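Here is my note on the cavities and the ligands, as promised. Have a look at the model before you read the points.

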Amino acid sequence: MARGEIVINENNCRGCGYCQEFCKRECIVMSEDKFTPLGYILPILADSDKCNACGVCGQMCPHFAIEVYRFIKN
Ligand code: SF4
Ligand code: SF4
């Protein structure tokens with residue numbers, strides 16, 4: 001079974017929330033107390049167990065701030 005992990009480039013993120021909106025597995029939440037270096041609200045991967053590395057968050061991010069990694073779990 002594939003499992004995912006995402007890495008968010010805080011310097012590129014603009015806090016738009018698209019990644020949260022388009023993750024159908026509800027893995028991503030917008031932080032309430034974490035911010036990018038430019039002061040935008042930072043999204044975080046709240047539940048990595050649910051991420052299946054579909055890649056949608058990375059595709060929808062207008063600022064190319066998300067890299068998605070896929071692991072194969074035996
Ligand atoms: S890779 Fe897919 S499941 Fe994982 S956080 Fe992104 S949109 Fe959600
Ligand atoms: S879609 Fe990209 S720019 Fe928008 S909040 Fe998510 S990581 Fe940041």
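1. The lining of the largest cavity divides by class into 11 nonpolar, two polar and one charged residues. Here Ala, Val, Leu, Ile, Met, Phe, Trp, Tyr, Cys and Pro count as nonpolar, Asp, Glu, Lys and Arg as charged, and the others, Gly among them, as polar. A cavity is a set of points on a 1 Å grid over the protein atoms alone where a 1.4 Å probe fits but cannot get out, and lining residues have an atom within 4 Å of a point.

2. Please keep in mind that this is a predicted model, in which local features need pLDDT of at least 70 and side-chain atom pairs count only at pLDDT 80 or more, while totals for chains, interfaces and linings use all residues. Residues are numbered from 1 along each chain as its sequence is written, chains are lettered from A and ligands numbered from 1 in the order in which they are written, and side-chain values use heavy atoms, with hydrogens and water left out.

3. Back to the largest cavity: 14 residues line it, and Ile6, Cys23, Cys51, Cys54 and Cys57 lie nearest its centre. Ligand 1 sits there, meaning that more than half of its atoms lie within 2 Å of the grid points.

4. Ligand 2 takes up the second largest cavity. By class, the lining holds nine nonpolar, two polar and one charged residues.

5. Cys57 is among the residues with the most contacts inside the largest nonpolar core, which has 13 residues. Such a core joins buried (under 20% relative accessible area, 1.4 Å probe, protein chains only) Ala, Val, Leu, Ile, Met, Phe, Trp, Tyr and Cys residues through side-chain atoms within 4.5 Å.

Conventions. On a 1 Å grid over the protein atoms alone, a cavity is a set of points where a 1.4 Å probe fits but cannot get out, and a pocket is an open set with protein on both sides within 12 Å along at least five of seven lines; lining residues have an atom within 4 Å of a point. Buried means under 20% relative accessible area, exposed over 50%, partly exposed in between (1.4 Å probe, protein chains only).
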